[in-house]
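Please look over the sequence and the model below before reading on. The paragraphs that follow lead through the structure step by step.

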Amino acid sequence: MTLHRTGVGSLPHESPDEAVGFVTRTSDIHYLPQLPNRHVQESMLLQWGDGMAGAGHDGPTLLSGAPSGDRDEGFGGATAMLHRIEGDVVKTQATGPVTLAAALQAGGVAGPDLVVRVVDELLVRIERHVSWVREESGAKRVVLVLDEPALAALGASQTTLPDSVRRS
């Protein structure tokens, strides 16, 4: 068995070049960094949730009816990394639908089908993201990890998630 090193997306760097240097020095499978200290749009919730279900942002918070920001700005760290990928595999990440739905609900977005709407829109965004990563990096394989910190708050016995989310 061969073990490979990779990392999480969010890094403390403000400079994309410094983040790229860190990723290339510390990982075998390069990953696309998120740099929330560089720009608020690179925080995981805004990066994936801004403009979703009628929500925009005010600072680092998703809010119903707020204007959305520049989605390209949310991927500055990733963009800097894409042309430096070495190898056939690149790892990226997306905020999971349960976490996004919880953040949107906390920001005033309502509706009984919120999780389903988030899943549908997130799948479209993930498909676009993976296509962009493949095209820009030349990697043969893209590994995408869903980051779902909200699941810890739900507990292991939670059974009210829609079937589409449990199968995703």
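Which residues of the largest nonpolar core touch the most other members? This is a predicted model, in which local features need pLDDT of at least 70 and side-chain atom pairs count only at pLDDT 80 or more, while totals for chains, interfaces and linings use all residues. Residues are numbered from 1 along each chain as its sequence is written, and side-chain values use heavy atoms, with hydrogens and water left out.

Of the 32 residues in the largest nonpolar core, those that touch the most other members are Leu-32, Trp-48, Val-90, Leu-104 and Val-118. Helix 1 (16–26), helix 2 (44–49), helix 3 (76–82), strand 3, helix 4 (97–106) and helix 5 (114–137) each supply at least two residues of this core, and helix 5 gives the most, with six residues. A nonpolar core here is a set of buried Ala, Val, Leu, Ile, Met, Phe, Trp, Tyr and Cys residues joined through side-chain atoms within 4.5 Å, where buried means under 20% relative accessible area with a 1.4 Å probe, protein chains only. Helices (H or I, at least four residues) and strands (E, at least two) are DSSP runs, numbered from the N terminus.

Strand 3 is largely enclosed by the rest of the structure, because seven of its seven residues are buried. Both of its faces are covered, with Val-89, Lys-91, Gln-93 and Thr-95 buried on one side and Val-90, Thr-92 and Ala-94 buried on the other. Strand 3 pairs in the parallel sense with strand 4 (residues 141–147) over seven bridges, and two strands count as paired if DSSP finds at least two bridges between them.

Within strand 3 (residues 89–95), Lys-91 stands opposite Val-143 of strand 4. Although Lys-91 is buried, it has no salt bridge, and the nearest side chain of opposite charge, that of Asp-147, is 7.9 Å away; a salt bridge would require a side-chain nitrogen of Lys or Arg within 4 Å of a carboxyl oxygen of Asp or Glu. For charge, Lys and Arg count as positive and Asp and Glu as negative, whereas His and the chain ends are not counted.

Elsewhere, the buried residues of helix 1 are Ala-19, Val-20, Gly-21 and Val-23. Strand 1 (residues 55–58) and strand 2 (residues 61–64) pair in the antiparallel sense over four bridges, and Ala-55 has Ser-64 in strand 2 as its bridge partner. In the hairpin that these strands form, with two residues between them, Gly-59 takes a positive phi near 70°.

Terms used. Buried < 20%, exposed > 50% of the residue type's maximum accessible area, 1.4 Å probe, protein only.
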